[in-house]
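Please have the sequence and the model at hand.

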Amino acid sequence: MPPNYRSIRSADLSGKRVLLRAGFDVPISDGNVTDDTRLAAIAPTMNYILEKGASLIIMAHQGRPKDAPDPKYSQQPLIPVLERLLNRPVKFAVSCVGPETEQMAKALVPGEVLLLENLRFLPDEKKNSPAFADQLARLGDIYVQDAFSNSHRNHASMVGVAERLPAYMGLQLEEEVSHLDKVIHDTAHPVVLVLGGAKLETKIPILSRFLEFGDHILLGGSIANTFLKAKDLPIGRSKFDEAGVVLAKELLAKSGNGKATIHLPVDGVAADSPESQAPHTIDIAAIQPNEAFFDVGPKTLGEYETIL
């Protein structure tokens, strides 16, 4: 583990209020969590904090509300799942900051848990507002970051609070950093990056870095569509990052030639809508203007499996 990263294992948590930034953002339908994978992944960190004699204050975001409270994106449906995972009651603060929330946090005793309402209900979260970070920091004595999937964002709960409280990595983040550090600094070749997702902009640093020391980059998802578009291949109505096409062309120009090789799908699962009852597998060039790709096809999987 790099020396500039501090693990929660090195922190004295006894009697402290620990402010945990979690990366939940789970699927919710009819007020119920339909997939608790992300909650379960952070459960070891949450239980570790409680077992060390601390109280736990959990902050996270849910979805993409329009910088205002929206019941559809409330954190409240997470309570029964958290209570099952932690085997104890979970209190709920209807706002992530404010006098009432601060009072609830300060009243916690070791072993108690408080879940804050969606951070993104307030626009100051994404602005990394100093005043908002001050309010969040007043809730705890120690800050623990265990939201790996959000770590690249310059938000108050990710950056501002970490500058105001003693800050540590949670167990999940520690594992992610440890794996990444091994890949980057102790690389055993051949090494392959498998990458999907939607927005190319947030993946550019990863791709650029990996081109320098990796061997193969296997692309899927909407990012693959962006690269196909950059090669002037047909993608029909497939989702792609229009602003990223020029960047994709630049990265493709570096592919091979002593750098990692970027591999794109050669076939895909196409349909006229996500709800289609008749998806079909076709070569990339055979897609129709009214169709979109929703997955890679068997030829692509075969090629990727061979590389792996």
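Helix α8 buries I204, L207, F210, L211 and F213, where buried means under 20% relative accessible area, against over 50% for exposed and partly exposed in between (1.4 Å probe, protein chains only). The model is predicted: local features need pLDDT of at least 70, side-chain atom pairs count only at pLDDT 80 or more, and totals for chains, interfaces and linings use all residues. Residues are numbered from 1 along each chain as its sequence is written, and side-chain values use heavy atoms, with hydrogens and water left out. Helices (H or I, at least four residues) and strands (E, at least two) are DSSP runs, numbered from the N terminus.

**Packing of α8**

- The cover over the buried residues of α8 includes α7 (171-185), β9, β10, α9 (221-230), α10 and β11.
- Helix α8 (residues 204-213) and helix α10 (residues 245-254) have axes that come within 11 Å and cross at roughly 10°; axes are lines fitted to C-alpha atoms, for helices over the stretch in contact, and angles run from 0 to 180 degrees between N-to-C directions.
- That crossing makes α8 roughly parallel to α10, a label for angles under 35 degrees, with over 145 roughly antiparallel, 65 to 115 roughly perpendicular and the rest oblique.
- From α8, I204, L207, S208 and L211 meet L247, L251 and K254 of α10, contact being heavy atoms within 4.5 Å.
- By class, the α8 contact with α10 has 5 nonpolar, 1 polar and 1 charged residues; Ala, Val, Leu, Ile, Met, Phe, Trp, Tyr, Cys and Pro count as nonpolar, Asp, Glu, Lys and Arg as charged, and the others, Gly among them, as polar.

**The parallel sheet**

- An open sheet of 3 strands has the order β9-β10-β11, with parallel pairing; two strands pair if DSSP finds at least two bridges between them.
- Strands β9 (192-195) and β11 (261-263) are at the edges, each with a single partner strand, so one side of each has no neighbour in the sheet.
- From one strand to the next, the twist averages 15°.
- Between β10 (residues 216-219) and β11 there are 3 bridges in the parallel sense, and L218 has H263 in β11 as its bridge partner.
- Helix α11 (residues 298-307) packs on this sheet and touches β9, β10 and β11, its direction making about 155° with that of β10.

**Strand β12 and its partners**

- In β12 (residues 267-271), 4 of the 5 residues are buried.
- Strand β12 runs antiparallel to β13 (residues 280-283), joined by 4 bridges, and T281 in β13 is the bridge partner of V269.
- Strand β14 (residues 292-296) is also antiparallel to β12 and joined to β12 by 4 bridges; here V269 stands opposite D295.
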